[in-house]
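Here are my notes on the model, written up as you asked. Have the viewer open while you go through them.

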Amino acid sequence: MRILVVEDEPKLAAFVKKGLSQEGFSVDVVGTGKDALYRAAEGCFDLILLDLNLPDTDGLSVLKTLRKEGDGTPVLILTARDSVKDKVRGLESGSNDYLTKPFAFQELVARVRVLLRPPRTTEDRLVVRDLTLDLSTRKAERGGKSIPLTNKEFVLLEL
């Protein structure tokens, strides 16, 4: 899964990139709205993490442009703007989620996973012979024995 992080603060961008990479995601980082629109137009991202306070434009303008152009990539706003008014404006502008800084990294990862979760069918289990994958709990079993897997290993096995 590829994630585009739009963050102009280099330390925070590096922190998010490193953490999400360790969770098995492929992460690209840009620091401006112009670069975000350019990279998003490539159409190769599964999720965009978008800061609202960018040096060249407001992140909401970036979001509105993406949506106007028909880009349905899930967007998680990641910003210091924490008023209810800001959150409502962000969600109504087309974002799928909104998380304020500072944030707990575990919460960010959980929200990323929820946004990247494929639409569920009526079946939450994949079964091939004696191998069973529980997609809701992300557990694997073979012959009734649990198989410990990293996130990346589970995703690869699921594919």
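The points below go from the whole chain to the sheets and then to the helix contacts.

1. **Ground rules.** This is a predicted model, so keep in mind that local features need pLDDT of at least 70 and side-chain atom pairs count only at pLDDT 80 or more, while totals for chains, interfaces and linings use all residues. Residues are numbered from 1 along each chain as its sequence is written, and side-chain values use heavy atoms, with hydrogens and water left out.

2. **The chain as a whole.** You'll find 6 helices and 9 strands in the protein chain; helices (H or I, at least four residues) and strands (E, at least two) are DSSP runs, numbered from the N terminus. The C-alpha atoms fill a box of roughly 55 × 30 × 30 Å along the principal axes. Buried residues account for 38% of the 159 residues, where buried means under 20% relative accessible area, exposed over 50% and partly exposed in between, with a 1.4 Å probe and protein chains only. Of the contacts between residues at least 6 apart in sequence, 53% join residues at least 24 apart; a contact means heavy atoms within 4.5 Å.

3. **The parallel sheet.** In what order do the 5 strands of the open parallel sheet come? The order is β2-β1-β3-β4-β5, and two strands are called paired if DSSP finds at least two bridges between them. β2 (26-30) and β5 (97-100) are the edges with a single partner strand each, so one side of each has no neighbour in the sheet. From one strand to the next, the twist averages 20°; axes here are lines fitted to C-alpha atoms, for helices over the stretch in contact, and angles run from 0 to 180 degrees between N-to-C directions.

4. **Strand β4, inside that sheet.** β4 (residues 75-79) pairs with β5 in the parallel sense over 4 bridges, and L76 has D97 of β5 as its bridge partner. On the β3 side there are 3 bridges, also parallel, with I48 partnered by V75 of β4. As for burial, 5 of the 5 residues of β4 are buried, so the strand is largely enclosed by the rest of the structure. In a regular strand the side chains alternate between the two faces of the sheet. Here V75, I77 and T79 point one way and L76 and L78 the other way.

5. **A loop residue for comparison.** A104 sits in the loop between β5 and α5. A104 is partly exposed, at 44% relative accessible area.

6. **α1 against α5.** How do these two helices cross? The axes of α1 (residues 10-22) and α5 (residues 105-116) come within 11 Å and cross at roughly 60°. They are therefore oblique to each other (angles under 35 degrees count as roughly parallel, over 145 as roughly antiparallel, 65 to 115 as roughly perpendicular and the rest as oblique). The contact is made by F15, V16, G19 and L20 of α1 with F105, L108, V109 and V112 of α5. By class, those residues split into 7 nonpolar, 1 polar and no charged; Ala, Val, Leu, Ile, Met, Phe, Trp, Tyr, Cys and Pro count as nonpolar, Asp, Glu, Lys and Arg as charged, and the others, Gly among them, as polar.

7. **α2 against α3.** For α2 (residues 33-41) and α3 (residues 59-68), the axes come within 10 Å and cross at roughly 25°. This pair is therefore roughly parallel.

8. **The antiparallel sheet.** The other set to look at is an open sheet of 4 strands, in the order β6-β7-β8-β9 with antiparallel pairing. Its edge strands are β6 (125-128) and β9 (145-147), each pairing on one side only. Neighbouring strands are turned by 25° against each other on average, direction ignored. Between β7 (residues 131-134) and β8 (residues 139-142) there are 4 bridges, and L133 stands opposite A140 in β8. Helix α6 (residues 151-158) lies across β6, β7 and β8, at about 115° to β7.
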